Structures are given as C-alpha cells and as structure tokens.
Amino acid sequence: MRVLVLSDIHANLTALEAVLADAGSVDAVWCLGDLVGYGAQPNEVVARMQSLPNLTCVLGNHDAAAVGKMEQDTFNNEARTSLIWTKTTITRDTRKFLNNLNEKEILGNTTLVHGSPRHPVWEYIMEPYTARLALETLTTRYGITGHTHQPIVIYFDHKDELHWEIPVVDQNYQLKGSVIFNPGSVGQPRDHDPRAAYAIFDPETGIWQPKRVKYDIFYAQLLIQQSGLPLQHAVRLAEGW
Ligand code: ZN
C-alpha cells in the first residue's frame with residue numbers, strides 16, 4: 001500500500017501541486033492538518049485535498065482557529081493577522097470541511113494527530129522529553145504527527161533508549177517497535193530547506209520514505225503579497241524557517 005503523507009500545507013497550493021506531481025499514483029492520502037493559515041489559497045487547497053483518493057485528514061491548530069474551535073489569542077501577532085484574513089476568506093464549503101475534521105484518526109496500526117498523541121491539536125514534539133511521553137502514550141504501532149514543520153523519526157531501540165533522527169531524504173526507514181514519524185511541512189518548511197516536504201508510507205511493511213520537492217516559491221510569495229497577508233510569511237518561504 002502506497003500512502004502519501006502530507007502535513008502543514010498552510011494554504012500553499014503551489015507547493016501542494018508540486019508534491020502531488022512528484023508523488024505520482026498513491027492508494028491513499030493521509031493529512032496531519034493545518035491545511036490553512038499563512039498562505040493565500042485556503043479554499044483552493046481544501047478543494048484540491050477533497051479531490052484526492054481515500055483522504056483521511058485530522059484537525060490542526062490553524063484549522064481549529066479558522067472555524068472558531070480555538071482561541072486566536074494563542075497565536076503570535078502575525079499568525080493572528082493571517083488567521084483573521086483566513087477566517088474572512090474561507091467559503092462555507094471550506095469551513096464545513098475543516099469543522100468536520102477529527103482531532104485523531106486511527107487507521108489500523110497507525111495513529112494520525114497534528115501535534116502529539118497526548119494533546120492532539122496543540123502539543124509540539126520538539127525535544128526528547130516530549131518525544132518519550134508521546135511514544136509512551138501511543139496506542140498503535142505507528143504514530144504520524146505534524147505541527148513542528150520539521151521531518152523527524154522517533155523510536156526506542158532494544159535497550160529502551162530514545163532515538164531522535166532527522167531523516168535522510170529518499171532513504172527507507174523500517175524500524176522495530178513503535179515509531180513516530182513527522183513528514184515535515186508541504187507549504188511552510190522550517191528546517192532551513194525551502195523545498196516542500198512530504199513522505200511515502202507503507203503501513204503494511206512499515207517503510208517510511210521522506211521526500212522533498214522544489215516548487216515555485218516566488219509565485220507563492222507573490223500571492224501572499226497580493227493578498228495583503230503579513231510579508232514575513234512570504235519571506236520565510238525562500239529560506240525555509
Ligand atoms: Zn502548521
């Protein structure tokens with residue numbers, strides 16, 4: 001089974017289209033949330049996602065805030081400006097789609113959450129302590145998270161020691177025991193690699209393959225600028241931070 005794993009698209013349709021073209025044919029699409037926020041094309045991204053085969057998507061913090069399920073005061077200044085723009089720009093169809101997303105989805109041996117298994121929508125797995133708690137909370141063999149915009153692979157080895165790895169692009173990861181994967185961000189990478197990040201996963205063999213693809217960053221920046229969104233969200237796309 002070939003599953004396309006996407007996270008943190010952030011209304012960047014240009015990056016999403018590049019990922020879809022690069023990934024080729026897939027059996028299913030799993031999305032870790034944050035379809036909207038920061039970027040200029042929230043409605044186009046949600047419509048494109050709905051056109052994909054066997055889509056399963058969970059709720060991100062930006063999605064939750066866009067439909068009023070999360071306080072916008074929890075966002076920093078520029079993220080809040082972008083959120084207010086998103087709230088007034090999304091159509092009824094987009095709002096309905098985001099409103100129907102669950103915080104957690106369990107598909108066979110895999111749990112999908114935006115943040116972490118403990119706090120699905122908002123917790124960041126940014127360091128080993130939270131990573132350990134996340135792995136201990138996981139009730140399935142595999143967990144897939146987004147939210148940090150940084151690709152990562154986390155697991156315990158046979159001595160119960162925690163491994164925290166920044167995965168190598170195009171390399172196959174097949175690990176014993178429980179594992180948490182993060183594919184990184186499609187629409188706003190923050191690991192100083194501006195290319196759109198995603199992953200191909202086979203839940204039957206457990207093989208995870210991190211991928212990167214170039215896209216037309218200048219065009220995505222132009223759309224942000226023309227929409228009157230905070231310029232910082234355009235600038236950072238060029239460097240991936
Ligand atoms: Zn995000």
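Q: Is Arg 212 buried or exposed in this predicted model, and at what relative accessibility?
A: The model is predicted, and in it Arg 212 counts as buried because its relative accessibility is 11%, where the cut-off for buried is under 20% relative accessible area.

Q: With which residue does Arg 212 form a salt bridge, and how far apart are the closest N and O atoms?
A: The general idea is to look for a side-chain nitrogen of Lys or Arg within 4 Å of a carboxyl oxygen of Asp or Glu. Here the partner of Arg 212 is Asp 191, and the closest N and O atoms of the two are 2.8 Å apart. Asp 191, at 26% relative accessibility, counts as partly exposed, whereas Arg 212, at 11%, counts as buried.

Q: How many salt bridges does the count come to, and which parts of the chain does the pair of Lys 211 and Asp 170 link?
A: The count comes to 7 salt bridges. In the one between Lys 211 and Asp 170, the closest N and O atoms are 3.0 Å apart. This pair links distant parts of the chain, since Lys 211 is in strand β11 and Asp 170 is in the loop between β8 (162-165) and β9, 41 residues apart. Lys 211 counts as buried at 18% relative accessibility, while Asp 170 is partly exposed, with a relative accessible area of 44%. Another of the salt bridges brings together the side chains of Glu 123 and Arg 118, at 2.4 Å from N to O; there Glu 123 counts as buried at 7% relative accessibility, and Arg 118 counts as partly exposed at 35%.

Q: What class does the pair of Phe 181 and Trp 208 have, and which residues make up the cluster linked by ring pairs?
A: The rings of Phe 181 and Trp 208 have centres 4.3 Å apart and planes at 10°, so this pair is stacked. Trp 208 is in strand β11 (residues 207-213) and Phe 181 in strand β9, so the pair ties together parts that are 27 residues apart in sequence. Phe 181 and Trp 208 are both buried. Ring pairs link Phe 181, Phe 201 and Trp 208 with Trp 30 and Tyr 142 into a cluster.

Q: Which protein donors does the zinc ion have, and what is the geometry of its site?
A: For four tetrahedral donors, the ideal angles at a metal are 109.5 degrees. The zinc ion has as its protein donors Asp 8 (OD), His 10 (NE2), Asp 34 (OD) and His 149 (NE2), which lie 2.1 to 2.4 Å from it. The angles among the 4 donor atoms run from 85 to 175°, and the site is irregular; the tetrahedral class would need all angles between 85 and 135 degrees.

Q: What spacing do the donors of the zinc ion follow along the chain?
A: The spacing is D-x1-H-x23-D-x114-H. Asp 8, in the loop between β1 (3-6) and α1 (13-23), and His 149, in the loop between β6 (142-144) and β7 (152-156), link distant parts of the chain, 141 residues apart. Asp 8 is buried, with a relative accessible area of 0%, and His 149 counts as buried at 1% relative accessibility.

Q: Which residue in the loop between α2 and β3 has a positive phi although it is not a glycine?
A: That residue is Asn 54, whose phi is about 45°, and its loop runs between α2 (42-50) and β3 (55-57). Asn 54 counts as exposed at 55% relative accessibility.

Methods
Residues are numbered from 1 along each chain as its sequence is written. This is a predicted model: local features need pLDDT of at least 70, side-chain atom pairs count only at pLDDT 80 or more; totals for chains, interfaces and linings use all residues. Side-chain values use heavy atoms; hydrogens and water are left out. Rings of Phe, Tyr and Trp (its six-membered ring) pair if their centres lie within 6.5 Å; planes under 30 degrees apart count as stacked, over 60 as edge-to-face and the rest as tilted. Helices (H or I, at least four residues) and strands (E, at least two) are DSSP runs, numbered from the N terminus. Buried means under 20% relative accessible area, exposed over 50%, partly exposed in between (1.4 Å probe, protein chains only). Donors are N, O and S atoms within 2.8 Å of the metal (3.2 Å for Na, K and Ca); water is not among the atoms, so sites may look incomplete. Four donors count as tetrahedral if all angles lie between 85 and 135 degrees; four count as square planar and six as octahedral if opposite donors are over 155 degrees apart and all others between 65 and 115; anything else is irregular.
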